[in-house]
Amino acid sequence: MDLTTTGRTLLEQLPPPLPAEHILAINQPKGDLHTTRHYTWNGWTFDVPPGVFVPGGTSRMIHERVLDGRIEVRGRRYAAMGAGLGVEAVAAGLRGAREIHALDVHGASVAAAERHYRRIVGEREGTVFTARAGDLFDALPPGARPDVVTFNPPAVSRPVSEDPDVVRNVCVGAGLLRRFFAQLAERELPAPGGEVFVIASNTADLRAIVGSALDHRFVPHVAHLHDWDDGVLTFLFRFTREGEA
Ligand SMILES: C[S@@+](CC[C@H](N)C(=O)[O-])C[C@H]1O[C@@H](n2cnc3c(N)ncnc32)[C@H](O)[C@@H]1O
């Protein structure tokens, strides 16, 4: 596909969701979600409390880009939507974001994100950090106006488990993204000149996701495409507000 294309032309080129059995086969929950696990990245070890998502390869596509500036947060206001363990918030602190808001609907994830941020980044002149629990942007501090938002959403289109914590982490589906773009539009986010990064694969309904963004006057771009060689294609989308670059 043409990765430079945008708008409805991009939407029409996106692959449809993989067959249900393929999605279920590659998304088998490990069964250890309700235990404490550990995660190591970039020389840091994170304990992962029960119910908190352990970052994977898809997560790292965002974490690495926040840390090295391919997703530029230095000097900017940043919201990590669905922050989970909080690795992207830590990366943003080290990169030198001006504001960091770690947001997640799961209280234990927000607490873990805050703890790891304080431990690894700590107090940093010129950086304000908040971590709040709530549905999507409900917990964003009043008046906060992020320039950059990232979201690795639980967008898988099929229920891969009946465990509500697995669903929250993995497979709420494209409806969550519809609400995400509606809230961004309603709150006039991001700030002018800002960017919204969403990562999702063809285990999700990519056309529904990008369609929701277009309906709310966001312009989609493909920032990165990764082929896992097992039929899964992961897209890192960058959305800008209509009328901006
Ligand atoms: C796939 S995990 C990503 C976690 C982390 N950002 C990463 O990449 O490793 C999805 C996260 O979205 C959160 N989430 C699910 N529904 C949400 C909602 N309605 N509002 C905010 N966060 C939500 C989950 O609790 C989970 O932490």
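Modeller: The radius of gyration here is taken over C-alpha atoms, and the globule rule is 2.2 Å times the number of residues to the power 0.38. Please keep in mind that this is a predicted model.

Colleague: What radius of gyration does the protein have, and what would a compact globule have?

Modeller: A compact globule with 245 residues would have a radius of gyration near 18 Å, and the protein has 17 Å, which agrees. The C-alpha trace spans about 45 × 45 × 30 Å along its principal axes, and buried residues make up 43% of the 245 residues.

Colleague: How many helices and strands are there?

Modeller: The protein has eight helices and nine strands.

Colleague: Switching to the ligand, how many residues surround it, and which are the closest?

Modeller: The ligand is surrounded by 21 residues, of which the closest are Pro-55, Ser-59, Gly-82, Gly-84 and Val-105. Two or more residues of the shell come from each of strand 4 (99–104) and helix 6 (164–170).

Colleague: And how does that shell divide into nonpolar, polar and charged?

Modeller: The shell has ten nonpolar, seven polar and four charged residues.

Colleague: Which residues of helix 8 are buried, and why do they line one face?

Modeller: In helix 8 (residues 206–215), the buried ones are Leu-206, Ile-209, Val-210, Ser-212 and Ala-213. Seen down the helix axis, they fall within an arc of 150°, so they line one face.

Colleague: What do they pack against?

Modeller: Their partners include helix 1 (7–13), helix 7 (174–186) and strand 8 (218–227). Just after helix 8, Arg-217 takes a positive phi of about 65°.

Note on methods: Residues are numbered from 1 along each chain as its sequence is written. This is a predicted model: local features need pLDDT of at least 70, side-chain atom pairs count only at pLDDT 80 or more; totals for chains, interfaces and linings use all residues. A residue is near a molecule or strand if its C-beta atom, placed from the backbone, lies within 6 Å of it. Helices (H or I, at least four residues) and strands (E, at least two) are DSSP runs, numbered from the N terminus. Ala, Val, Leu, Ile, Met, Phe, Trp, Tyr, Cys and Pro count as nonpolar, Asp, Glu, Lys and Arg as charged, and the others, Gly among them, as polar. A residue is buried if 20 or more other C-beta atoms lie within 10 Å of its own, exposed if 12 or fewer, and partly exposed in between; C-beta atoms are placed from the backbone. The arc is that of the directions from the helix axis to the C-beta atoms. Two residues are in contact if their C-beta atoms, placed from the backbone, lie within 7 Å.
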